[in-house]
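Dear colleague,

I am handing over the structure we spoke about, and I would be glad if you could look through it slowly with the notes below beside you.

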Amino acid sequence: MKITDIYETMEYSPAPESPDLALEWLKEQKSKFGLFINGKWCKAKSGKVFSTNNPASGKKLASISEAGKSDVDSAVSAAKRAFPKWKALSGHERARYLYALARQLQKHSRLFAVLETLDNGKTIRETRDIDTPLVIRHFYHHAGWAQVLESEFPEHTAIGPVGQIIPWNFPLLMLSWKVAPALAAGNTVVLKPAEYTSLTAILFAEICEQIALPPGVFNLVTGPGETGSLLVKHPDLKKIAFTGSTDVGRLIREATAHTDKKLTLELGGKSPFIVFEDADLDSAIEGVVDAIWFNQGQVCCAGSRLLVQESVAEKVIERLKKRMAKLRVGDPLDKSMDMGAIIAPIQKERIRNLVEQGKKEGAEVWQWQGTLPQKAGKSGKTVGGCYFPPTFLTNVSPASTVAQTEIFGPVLVSMTFRTPDEAVMLANNSAYGLAASVWSENINQALHVAPKLKCGVVWINCTNQFDASVGFGGYRESGYGREGGHEGMFEYLKKKESGNAKDEFRIPVPKIKASTNGTLSLDRTAKLYIGGKQTRPDSGYSLNVVNADGSLAGEISHGNRKDIRNAVEAAHKASRWQSSTPHLRAQILYFLAENLETRAVEFQNRIMQLTGVSKKQAGFEVKTAVSRIFTYAALADKHEGLIHQPPMRGLALALNEPIGVMGLVCPDETPLLGMLSMLLPAIAMGNTVVLVPSRPFALVATDFYQVLETSDVPSGVLNIVTGDAAELGSVLAKHDDVEGLWVVGTAEECTKMKKFSAGNMKIIWTNNGKQLNWFDKKPSEGREWMRRAAQVKNVWIPYGE
Ligand code: NDP
């Protein structure tokens with residue numbers, strides 16, 4: 001027999017990891033667990049409990065307390081009480097706690113890994129070699145951020161008690177992504193794990209007890225979705241961080257719309273895995289295995305859409321089928337398994353139904369032919385586990401259900417493309433935008449494609465890479481906010497207060513005095529500004545604008561839904577602005593400043609007449625506006641990304657990218673400065689804009705057309721639609737092709753816009769009805785706004801052979 005024959009015929013023997021350590025731990029606790037509130041264990045006040053089962057066998061592992069309203073209230077009030085002291089600790093003191101947590105996690109890593117496998121059904125290979133080491137790394141890394149918080153984030157401070165809700169697919173890892181940065185930044189936490197997988201969170205709470213974390217700093221409320229919903233609605237939580245489905249994310253966004261709670265949403269995905277013809281195909285095939293069959297495909301960023309260049313498609317599909325046949329599916333505690341159990345029968349049924357749907361829509365289905373554990377057992381009886389075979393669907397059309405819906409199971413669909421442009425188009429043909437994997441030996445091509453992909457993470461010639469120093473998060477319906485690294489820390493911090501006025505501010509339209517002193521002899525209706533041209537409004541109607549003394553100042557166009565639609569279209573057409581060089585954007589902004597200064601007196605007079613402020617005050621506004629343009633011209637080529645060095649042979653480039661098409665609903669106060677303070681960071685960052693100016697002082701915006709026309713701002717980069725700000729803002733909020741929205745308005749308007757914009761999960765910022773002082777640079781100018789106008793994409797680039 002040749003050695004190659006031996007290799008071909010060799011069989012795996014079982015290599016089980018013993019569950020004893022974890023079973024012992026469960027036994028010690030009599031398999032009954034309470035809530036962890038204010039540093040103490042307690043039962044739910046209702047006495048209610050729920051079971052947690054082992055998905056690999058279907059057997060019950062433990063009973064867990066189900067937190068109700070009064071339990072959630074107790075946990076939040078404990079977190080609230082603990083906050084001031086925890087925040088007041090020095091960075092070093094907090095770092096020591098995080099470091100102690102990391103050390104304890106490390107010491108108990110085997111227990112954590114086995115417990116996670118028992119509770120979740122994922123393989124021990126993954127819990128032992130991926131999840132737990134990453135969890136430990138997260139706590140070490142964030143102990144570091146706690147230590148240097150004051151020097152690295154001098155203008156920021158902790159937010160307060162935060163609510164965190166996590167899913168079942170990476171229970172301990174998601175806990176670490178949420179808890180470590182929150183505590184490092186000085187916040188206190190109430191965490192709700194998924195109902196299916198609470199055990200490692202409970203063990204983590206024990207560790208908090210062991211290291212004597214101050215009571216109330218970390219609180220654990222176990223329970224179903226309803227418990228999460230209680231957290232979301234709790235008025236004393238200052239932030240909600242959520243990982244889970246897009247549907248629940250949308251509910252949370254709507255439920256928090258009337259509050260000023262900070263929100264990060266890490267939602268679903270349908271990530272493309274793009275294989276170019278010049279890829280190292282053997283590596284790419286291994287990549288696919290990792291992309292879709294890792295964690296049974298129950299991964300938000302699973303590479304579930306395989307896009308292969310047509311010239312190599314046949315070869316790739318053939319090889320992939322061969323590789324699939326060799327996958328090992330079975331007991332998750334067996335160290336030689338590639339895939340373990342699906343979390344629950346209901347999830348398995350969902351996967352099965354989607355595969356059936358794919359078949360009905362014309363896909364060819366190829367499934368792993370091995371024996372699934374539930375059909376095994378000595379007598380051939382079912383052993384009660386929940387398994388689904390690795391599945392591969394070819395002949396899938398881009399619009400079909402299986403190509404668009406997140407299956408959240410071990411199911412890969414494949415499509416082909418001919419050119420790189422077509423690959424990008426197919427890749428972006430999804431409501432989601434979490435991750436993408438690009439395979440090509442031509443690094444120029446890979447780096448050319450990466451920025452064109454609408455997603456938060458791009459892995460070049462690798463997949464499913466994660467690290468505590470590298471931000472993770474999505475675009476579009478995959479949510480917003482980043483977890484991990486420098487960018488992730490900002491999600492748990494807020495800018496220090498700088499004495500803003502607290503009143504609501506919007507000059508109500510009925511208060512605008514009716515035209516009294518005379519009429520205009522000629523029609524001087526200012527038009528809309530769309531696609532670089534002054535255009536008449538669809539309605540044909542106009543609105544009066546009145547000076548502070550009651551005289552008629554002029555008329556503005558009454559823009560409507562159709563005008564917004566045209567403006568959004570024009571803004572999309574100007575998308576080259578997004579890829580223009582920051583140097584070019586800076587030059588154009590400097591030119592804009594020059595042109596505004598040339599017309600300074602004109603603007604000064606207009607502001608004086610419309611708002612009634614003194615000549616000095618109006619002059620100061622124009623002067624500040626010119627200086628503000630200079631600031632953003634300066635920052636345009638300085639808001640650069642970072643290079644992360646995760647523990648691999650490679651780099652991750654954190655690129656600041658524009659959001660895309662942004663809607664801006666501008667303030668009434670200081671109409672020129674307020675408007676420019678919102679517009680400038682947006683366009684300096686490369687976004688294109690549809691701007692709705694102040695209704696009473698819109699003539700300041702329409703005068704600005706002259707400045708634009710003499711500058712080099714390309715057509716469509718800025719579009720201005722005048723009219724009722726709240727009405728037009730609502731249209732922008734509901735528009736699915738608007739990717740970001742900033743609103744300055746009353747609290748009621750802000751709530752409305754947040755609700756309306758939940759449809760496509762656009763990134764939104766509002767003033768929550770609070771007046772900003774646009775003259776004060778601290779809240780109104782600088783990096784904070786550039787950060788708001790950008791989203792971070794992390795591009796992972798391995799190197800070496
Ligand atoms: P869900 O959205 O149903 O649940 C996520 C968490 O939210 C769970 O703790 C759940 O509790 C809780 N929850 C459910 N309903 C509500 C509610 N109305 N208000 C507040 N909390 C609620 O998702 P799954 O648990 O089913 O997880 C799978 C989904 O999560 C997938 O779509 C996946 O893509 C996404 N995901 C995204 C990740 C990312 O980083 N972007 C990472 C991991 C998963 P309970 O479990 O007790 O019902």
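In this predicted model, the structure holds 25 salt bridges. Side chains of opposite charge can pair when their charged atoms come close.

One of these pairs joins Arg128 to Asp129, whose closest N and O atoms are 2.7 Å apart; Arg128 is partly exposed because its relative accessible area is 35%, and Asp129, at 42%, is likewise counted as partly exposed. Another salt bridge links Asp637 with Lys638, again with an N to O distance of 2.7 Å, where Asp637 has a relative accessibility of 29% and is partly exposed, while Lys638 is partly exposed at 44%.

In helix 14 (residues 345–360), Lys359 and Glu356 are 3 residues apart, so about one helical turn separates them, and they form a salt bridge in which the closest N and O atoms lie 3.5 Å apart. There is also a network of salt bridges that links Glu17, Arg110 and Lys335.

Turning to the surface, you will find a patch of positive charge where Lys87, Lys238, Lys494, Lys496 and Lys778 gather. Of these, Lys238 sits in the loop between helix 10 (225–233) and strand 10 (239–243), and it is partly exposed, with 39% relative accessibility.

Notes: Residues numbered from 1 in each chain as written. Predicted model: local features only at pLDDT ≥ 70, side-chain atom pairs only at ≥ 80, totals over all residues. Heavy atoms only, no water. Patch = residues over 30% accessible without salt bridge, like charges linked within 9 Å, V, L, I, M, F, W, Y side chains within 5 Å. Areas by Shrake-Rupley, 256 points an atom, 1.4 Å probe, with all protein chains shown as cover. Salt bridge = Lys/Arg side-chain N within 4 Å of Asp/Glu carboxyl O. Lys, Arg positive; Asp, Glu negative; His and termini not counted. Charge placed at Lys NZ, Arg CZ, Asp CG, Glu CD. Helix = DSSP H or I, 4+ residues; strand = E, 2+ residues; numbered from the N terminus. Buried < 20%, exposed > 50% of the residue type's maximum accessible area, 1.4 Å probe, protein only.
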